[in-house]
Amino acid sequence: MNVLINNMSQTLPAGATLADAVALLQAQPPFAAAVNKAFVPRALYPQTALHDADRIEIIHPVTGG
């Protein structure tokens, strides 16, 4: 299936989860994730099924003033 991760097209196998997308990016904490603009708690990543054309955002916090 084709998804967008941080606005970049990626191919994941059928049945992939948000945990698979995070692993693909090798994201290092701290970060937050959203699927189709809906925040997903970290504990639900392995259970959050992805679908063709989903938009995933992996967001790292920014500090400063």
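Two strands pair if DSSP finds at least two bridges between them, and the strands themselves are DSSP runs of E with at least two residues, numbered from the N terminus. This is a predicted model, in which local features need pLDDT of at least 70, side-chain atom pairs count only at pLDDT 80 or more, and totals for chains, interfaces and linings use all residues. Residues are numbered from 1 along each chain as its sequence is written, and side-chain values use heavy atoms, with hydrogens and water left out.

**The sheet as a whole**
- Five strands form an open sheet with mixed pairing, in the order S2-S1-S5-S3-S4.
- At the edges lie strand S2 (8-11) and strand S4 (38-40), each of which pairs on one side only.
- From one strand to the next, the twist averages 35 degrees, where axes are lines fitted to C-alpha atoms and angles run from 0 to 180 degrees between N-to-C directions.

**The partners of S5**
- Strand S1 (residues 2-5) pairs with strand S5 (residues 55-59) in the parallel sense, over two bridges.
- Within this pairing, Leu4 has Arg55 as its bridge partner in S5, while Ile5 stands opposite Ile56.
- Strand S3 (residues 32-35) runs antiparallel to S5 and is joined to S5 by four bridges, and here Ala34 stands opposite Glu57.

**The two faces of S5**
- In a regular strand, the side chains alternate between the two faces of the sheet.
- The covered face of S5 carries Ile56 and Ile58, whereas Arg55, Glu57 and Ile59 belong to the uncovered face.

Technical notes: Buried < 20%, exposed > 50% of the residue type's maximum accessible area, 1.4 Å probe, protein only.
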